[in-house]
Every structure is written in C-alpha cells, then in structure tokens.
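Please look through the sequence and the model first, then read the points below.

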Amino acid sequence: MVGKHRRSAWHSTLPDSRPSTTSSSRTTKQPLGINQRNKFVHVKNPHLDSMDEDILYHLDLGTKTHNFPAMFGDVKFVCVGGSPNRMKAFALFIHKELGFEGSEEDIQDICAGTDRYCMYKTGPVLSISHGMGIPSISIMLHELIKLLHHAKCCDVTIIRIGTSGGIGIEPGSVVITDTAVNSFFKPQFEQIILDTVVTRSTELDKELAEELLNCSEEIREFPTLIGHTMCTYDFYEGQGRLDGALCFFSNERKLDYLQRAYKAGIRNIEMESTVFAAMCGLCDLKAAVVCVTLLNRLECDQISSPHEVLLEYQQRPQQLISILIKKRLGQHNPK
Ligand SMILES: O=P(O)(O)O[C@@H]1C[C@H](O)[C@@H](CO)O1
Ligand SMILES: O=c1cc[nH]c(=O)[nH]1
C-alpha cells in the first residue's frame, strides 16, 4: 500500500470532479507561500563548518572565488530538469513572463566553466539542469543545496520540471507528484552510505502540490492531475520496456506490473523523483515534481511523437510553474 495521500489520483478531463479548493485562499497575490517565511535552507553536515573553502566542483563555483550571497541571495524559486536546453528555454521563458528588462543574451550560463550542468538566473528564479538519473541529480542537488545555504537564501521553493512515461493517462498530461515511490511502489529512497543502506522518506510538500493543481485550473489546453510517481534506476528494463538491448520478460509480465502500479495510484514513471524528494525534505526545501507524460506505457514503449509535439509537451510544466511564480510574486493576471 502506498503511503498516505489525501485523495486518489484525479484527472482533469473530468472538470466537474475538480476539488472545490479555492485558488483565492492560497495563491492570490502573496509574495510567499503561507507557511514559508524566513525558512533557511539547511545543510545537515557538521564537517562543512570547519572547511575554509567549499568548492562546488560540478558547478564550477566556490565560496572563495564567488560571492554567493550577492549572486544568489535573492533566489526564491529553483527549477530543475534533465536537459540543458530545456532549462535554458525555461529561464528565457520565465524572464519574458515576469517582464524583466534586458535581452536574452543577458542570461548566460553561470556554470559555463563546466559541461556537467548548466545554470541560469533571472530575478528570483534559478534554472538548472541535472542530467539523467538518480546519481546525476543527486550530485547536482548536493552542490545546489550548499549553494543556497552559503548564499543564505530563505523561503525557497524547488520544482523538478521533467518528462515521464504515463500509466493509463493521455500522453501530454501533466502529473503533479504527491508521493514519489520506488520500483516496489514504496515511498522510500534507499541511499547506500559506506556499507549501509539508509532508507529515506520521499514525501513531497502536499500544500505545494495542491497550489500547483489550483494553478492548473487556468490552463484548459492540457490535462493536469495529482498522482504518485514511480522513480526507477533505468529507462529500459527498469521501467518494464520491451525495446531495450536486454529484455528477459514477456509482454504479459510487463502489463501485469504496470497495471499493478496503476492500481497503487502511480500515474507516471521517471528517474529522479525519489532522491529529489528525499534530499529536499531533509534540507527543509519545499519541493514539487511536475512532469509531462510523453506516452501511455500501457499502450507502447517507444516515444514516437514528432519532435515538435515533444517540444510542446515539455513546455507544459513550464507554463504551470510560470503561473505559480507569477501568483507568488503578485504579478498574475488570469486570462
Ligand atoms: O527531466 P527529464 O526529462 O530528463 O526526466 C526524465 C527521466 C530521465 O532523466 C529522462 C529519460 O528520458 O527523462
Ligand atoms: O517513458 C519515459 C519517458 C520519459 N522519461 C522516463 O523516465 N520514462
């Protein structure tokens, strides 16, 4: 049984079934979310205090070479996603949406000295790529969380905007994760530390998920729903695909697994949400995962939609996040 969630997954193609939660109480013209005033980002590592300098190697930043409070102290929203191009596109999009002055050329990759990750900042919004899979996002998050801590950022909301495979929902739907689960449908992330397996919770911020769902009420162009997200260690065998270089199970076993996942409340599969939820939770960061689905895994394994369709799908979580950010900043004018 998957851990607590307030209601079962819900599909916006049934508008009448939308919860009656009003958008006014939580999301109108408030600079910050209700319960997140002056909450600093916490690192949980006593060794950091005794370090003379902290070099964030994969971001090509360091506390002696860069003035973190000056560069990042005003950050309130951090958006992360796998692809460098997507995260650059998001930074440009949000820059325009927030009506900031300056041209696109002004938004440069802060991590240009490394090709591991890219990072863009526009106003209070930081946009960073994390590559594919748990190890890649985990390295980025260690360094990002330290960056936010050294910069003395407070009241930060962090959102992963990704792509995923849907289960039993229309391709192009956007899933807001209430709980990230592992391949056994459990709300847990297992981190191996030295020679010990440490199990961490993958609960995400339920209020933030609801706030995002409220924002989705303004977008009629695509369905948005709340559901569990399964996070795997692999795209092919790990997600029950029949089209990898290796596959030793039948179509029947694949479908049985995916149907059991659907019954457990899982609506999409991706490769980062559990560690993202676990690390952000431990460091007091309000976190959400918002992924578009590229296909329905009950129907196929290959992602065969045309490039333009996939590009448009990738913009959907960005549209939703832009409404949230504008509402939080008191800049939103509903259509
Ligand atoms: O944020 P992205 O689109 O990279 O997320 C998913 C999970 C994997 O990283 C990748 C697999 O195609 O897409
Ligand atoms: O099926 C999919 C599509 C995108 N990302 C995944 O991890 N799985």
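**Helix H7 and its surroundings**

H7 is followed by Asp-284, which has a positive phi, near 60°. The model described here is a predicted one. The protein contains 8 helices and 12 strands, and 51% of its 335 residues count as buried.

- H7 is mostly covered, with 8 of its 10 residues buried.
- The buried residues in H7 are Ser-273, Thr-274, Val-275, Phe-276, Ala-277, Ala-278, Met-279 and Cys-280.

**Packing of H4 with H7**

- Helix H4 spans residues 134-150 and helix H7 spans residues 273-282; their axes come within 9 Å and cross at roughly 20°.
- Because angles under 35 degrees count as roughly parallel, H4 is roughly parallel to H7.
- The crossing in which H4 passes H7 is right-handed.
- On the H4 side, the contact is made by Ile-134, Ile-137, Ser-138, Leu-141, His-142 and Ile-145.
- On the H7 side, the contact is made by Thr-274, Val-275, Phe-276 and Met-279.
- The residues of this contact of H4 with H7 comprise 7 nonpolar, 3 polar and no charged.
- Of the H7 residues in the contact, Thr-274, Val-275, Phe-276 and Met-279 are also buried.

**Packing of H3 with H8**

- Helix H3 (residues 84-97) packs with H8 at an angle of about 40°, and the axes are 10 Å apart.
- H3 and H8 are therefore oblique to each other.
- H3 passes H8 in a crossing that is right-handed.
- H3 contributes Arg-86, Ala-89, Phe-90, Phe-93, Ile-94 and Glu-97 to the contact.
- H8 contributes Gln-314, Gln-318, Gln-319, Ile-321, Ser-322, Ile-325 and Lys-326.
- The residues of the contact of H3 with H8 divide into 6 nonpolar, 4 polar and 3 charged.

**Helix H5**

- At the start of H5, the backbone nitrogen of Glu-207 has a side-chain oxygen of Asp-205 within 3.3 Å.

**Two loop residues**

- Asp-301 lies in the loop between strand E12 (286-296) and helix H8 (307-328).
- With a relative accessible area of 9%, Asp-301 is buried, because buried means under 20%.
- The side chains of Asp-301 and Lys-254 are joined by a polar contact of 2.6 Å.
- Leaving aside residues up to four places away in sequence, Asp-301 touches Gly-240, Arg-241, Leu-242, Asp-243, Lys-254 and Leu-295.
- Ser-250 lies in the loop between strand E10 (224-231) and helix H6 (251-263).
- Ser-250 counts as partly exposed, at 30% relative accessibility.
- Ser-250 and Glu-308 are 58 residues apart along the chain, and their C-alpha atoms are separated by 32 Å.

**Contacts along the chain**

- Among contacts in the protein with a separation of 6 or more, 78% are accounted for by residues 24 or more positions apart.

How values were computed
Residues numbered from 1 in each chain as written. Chains lettered and ligands numbered in written order. Predicted model: local features only at pLDDT ≥ 70, side-chain atom pairs only at ≥ 80, totals over all residues. Heavy atoms only, no water. Axes fitted to C-alpha atoms, helices over the stretch in contact; angles between N-to-C directions. Helix = DSSP H or I, 4+ residues; strand = E, 2+ residues; numbered from the N terminus. Parallel < 35°, antiparallel > 145°, perpendicular 65-115°, else oblique. Left-handed = near helix turned anticlockwise from the far one by under 90°. Contact = heavy atoms within 4.5 Å. Nonpolar A, V, L, I, M, F, W, Y, C, P; charged D, E, K, R; others polar. Polar contact = N/O pair within 3.5 Å; in protein donor to acceptor, adjacent residues only side chain to side chain. Buried < 20%, exposed > 50% of the residue type's maximum accessible area, 1.4 Å probe, protein only.
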